Amino acid sequence: MMAEFCGNPAVEAGEVLMPRKRKFDRSRICVKCKINPGNLVIRHSVYCKGCFTPLIFTKFHQALEPYINHVSVGPRRGALKPSGALLIGFSGGLGSSVLLDLVYQRYCANVGSDNLKGGREHPRKNKVWQKIYVCYVEVSDIFPETSDRTAQIREAIARYDGFELIPVRIQDAFDRTWWERVSGGAAPDLAGLPFDLGGGDSEPVAALQTHIRALPTPTAILSTLSTLTRLLLLYTAYSVSASHIVLGTSLTSLSISLISSISQGGGFVVPQAIQEEWFPQFVQRTIGDTSWNGEVRLVRPLRDVGMKECTAWVWWHQLLVVGKQRIPVPKQTIGDLTKNFIIGLERDYPSTVSTIAKTVGKLAPRGDSRVRCVLCELPTQQFVQRWKSRTSIRSFTDDASSMDTATSSLPHYLCYSCHTTLTSKSARSTATLNLHSSNSAPALNLPMWAATRLALELGSEQSVGPGAPANEIWETKKLDDGGMKSLVGEFLLENE
Amino acid sequence: MAHLKLKIEFGGGLELLFSNQRTHFVAIPSTVPQGDNKGQPADINFLTHWLRDNLLKERPELFIDTGTVRPGILVLVNDTDWELEGEGEYKLREDDEIVFISTLHGG
Ligand SMILES: [Zn+2]
Ligand SMILES: [Zn+2]
């Protein structure tokens with residue numbers, strides 16, 4: 001014993017070699033069938049190839065099927081009756097390729113056949129969705145260094161029978177024709193307004209490029225593209241009477257986006273990052289009405305399936321992965337840094353990543369808001385500028401606050417996260433976002449839904465904000481810089 | 001010098017770094033020819049470096065990171081997760097099939 005303790009001075013002097021952690025719990029035998037030798041380790045549990053496929057199917061339908069009926073009626077599959085069609089948001093990436101395959105295998109392949117034997121307890125595979133669309137958003141017109149991949153995407157989708165592709169281009173967000181089509185003519189006349197909201201007159205590609213050029217950081221560019229993509233998918237879904245959108249966000253990507261969204265001020269919308277109920281701004285809803293009026297439910301059926309499981313699925317089911325378009329931004333973004341961090345973490349501490357998604361997913365902010373940000377259409381706290389003034393250091397001579405509270409300034413209608421995206425930490429004042437652009441300041445181009453909403457808000461009344469009673473108490477807990485750091489810090493101890 | 005014949009496959013976009021060829025049949029030295037581990041039987045760590053030096057055409061940082069396979073790449077040894085086989089320390093055998101699949105595509 002002594003010899004062992006006193007041994008090897010070379011090791012003691014420099015690196016003390018940690019015993020290698022085993023990546024799996026008990027034996028190499030599959031935890032499910034307890035017969036076959038395992039093929040894959042999933043967060044310390046060993047599965048054989050034969051048990052892996054049903055495992056992923058189970059995770060997939062458990063994360064999707066309870067949310068299919070507009071009003072939940074029970075767990076029985078036979079009772080699945082969605083109100084509208086299904087729209088798959090497809091990026092060509094790993095997660096959405098796996099999602100496409102799972103949707104096909106479960107709802108399209110062998111529909112009506114008796115391949116699931118059994119009596120009443122096992123209803124025949126029946127057609128759940130009357131129509132399944134796949135929507136792809138192409139960004140190549142905005143970035144000349146990228147190439148249009150719509151043809152490759154079309155090819156990948158053509159491998160599955162019965163999916164209809166809806167190709168969308170990112171600049172459609174600034175296209176009046178597109179907006180009239182998806183909104184059914186809800187586009188207002190923007191010409192008579194005392195300011196230029198963009199979108200209306202200029203060419204869509206140029207309008208979006210102007211919008212992007214005005215953004216302060218590469219991180220802001222990526223988060224803008226992801227907001228535009230999300231809204232394009234939502235409005236497209238509405239326009240084809242889809243009641244559901246599914247996205248291929250894996251457990252790993254969910255952890256990445258939750259952490260990077262929180263660090264960009266998106267803390268208030270964490271529940272929507274996992275699942276979202278959305279309806280277009282022009283749909284009138286009555287409280288208590290349980291019928292379907294075109295609302296779209298956005299679900300992430302792979303939220304319990306990690307990147308590693310997706311990879312194994314792609315390999316073992318021989319899927320063709322087109323790959324996600326890489327957006328050429330000049331330097332590393334918060335998203336990149338978070339991604340590298342989480343992927344490294346997942347290798348060394350596989351359970352931690354799922355803990356992040358689950359822990360952050362439970363952080364439901366108090367003070368649910370019915371007020372929506374004009375840009376991202378997610379619920380927002382009212383009077384963002386008040387939030388801003390509490391969390392940032394302002395100089396005493398800064399008199400911009402009086403201007404900020406004016407309903408004619410854009411920040412009044414933005415959530416904290418979009419506000420942060422449009423401005424940088426300190427380089428820009430919110431005053432540059434004033435809608436009454438002076439001759440010197442170029443007008444800020446806005447996507448069609450935001451322009452429409454602002455036109456309506458500003459056209460109808462001048463004194464009250466976006467539906468908020470003036471004396472409403474701002475009740476949501478303040479999450480200041482320190483609070484944010486300690487929240488993220490629980491996960492990011494090593495590097496911060 | 002004795003050699004080991006192996007079948008190497010790349011997937012998930014990783015093949016783009018290896019002449020856009022998915023399957024490679026290679027013969028690598030059965031023991032490490034030089035360096036700290038000289039004379040040791042060839043393991044996956046050695047194979048990884050051998051592939052970088054002999055087959056990799058571009059961007060080595062997308063394949064190797066701090067001396068081992070970059071996080072996010074799934075490695076299968078004869079269709080089994082390398083985590084069940086000792087990871088980089090798995091001792092290679094004649095006719096082994098080693099698969100490297102990148103997961104860095106995102107959602
Ligand atoms: Zn099994
Ligand atoms: Zn917003």
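In the predicted model, A:I245 has A:L298 of β8(A) as its bridge partner. The two strands concerned, β6 (residues 242-247) and β8 (residues 296-299) of chain A, pair in the parallel sense over 3 bridges; strands are taken to pair if DSSP finds at least two bridges between them. Strands (E, at least two residues) and helices (H or I, at least four) are DSSP runs numbered from the N terminus. Helix α5 (residues 150-158) of chain A packs on the sheet and touches β4 (132-138) and β5 of chain A, contact being defined as heavy atoms within 4.5 Å. The direction of α5(A) makes about 165° with that of β5(A), where axes are lines fitted to C-alpha atoms (for helices over the stretch in contact) and angles run from 0 to 180 degrees between N-to-C directions.

The sheet itself is open and consists of 6 strands of chain A in the order β5-β4-β3-β6-β8-β7, with mixed pairing. Strands β5 (163-169) and β7 (276-278) of chain A each have a single partner strand and stand at the edges, so one side of each has no neighbour in the sheet. From one strand to the next, the twist averages 25°.

Residues are numbered from 1 along each chain as its sequence is written, with chains lettered from A and ligands numbered from 1 in the order in which they are written. Local features need pLDDT of at least 70 and side-chain atom pairs count only at pLDDT 80 or more, while totals for chains, interfaces and linings use all residues; side-chain values use heavy atoms, with hydrogens and water left out.

A:I157 is placed in helix α5 of chain A. With a relative accessible area of 3%, A:I157 is buried; the term applies under 20% relative accessible area, with exposed over 50% and partly exposed in between (1.4 Å probe, protein chains only). Apart from neighbours within four places in sequence, A:I157 is in contact with A:F90, A:L100, A:V134, A:F163 and A:L165. A:F90 is 67 residues from A:I157 along the chain, and their C-alpha atoms are separated by 9.5 Å.

Helix α4 (residues 94-107) of chain A is mostly covered, 13 of its 14 residues being buried. At 1.5 Å a residue, α4(A) should span 20 Å, and its end C-alpha atoms are 20 Å apart, which agrees. The expected span is 1.5 Å times one less than the number of residues in the helix.

A:R303 lies in the loop between β8 and α11 (307-316) of chain A. The relative accessibility of A:R303 is 17%, so this residue counts as buried. Not counting residues up to four places away in sequence, A:R303 touches A:A63, A:Y67, A:T249, A:L251, A:L254, A:I274 and A:Q275. The C-alpha atom of A:R303 is separated by 28 Å from that of A:S140, 163 residues apart along the chain.

Aromatic pairs were counted for rings of Phe, Tyr and Trp (its six-membered ring) with centres within 6.5 Å; planes under 30 degrees apart count as stacked, over 60 as edge-to-face and the rest as tilted. The count comes to 19 aromatic pairs over all chains. The ring centres of A:W178 and A:W449 are 6.4 Å apart and the planes lie at 70°, so this pair is edge-to-face. The pair links distant parts of the chain, with A:W178 in helix α6 (residues 176-183) and A:W449 in helix α17 (residues 448-460) of chain A, 271 residues apart. Both residues count as buried, A:W178 at 3% relative accessibility and A:W449 at 0%. In chain B, B:F10 and B:F18 form a stacked pair, 3.8 Å centre to centre with 5° between the planes. B:F10 is buried at 0% relative accessibility, and B:F18 is buried with a relative accessible area of 0%. One aromatic cluster is formed by A:W178, A:W179, A:Y235, A:W278 and A:W449.

Strand β7 (residues 97-102) of chain B is mostly covered, with 5 of its 6 residues buried. Strand β1 (residues 3-11) of chain B runs parallel to β7(B) and is joined to it by 5 bridges; B:E9 stands opposite B:V99 in β7(B). Strand β5 (residues 73-77) of chain B pairs with β7(B) in the antiparallel sense over 5 bridges, and B:V75 stands opposite B:F100.

The model scores ipTM 0.93 and pTM 0.81. Chain B averages a pLDDT (the predictor's confidence in each residue, from 0 to 100) of 91, and 95% of the residues score at least 70.
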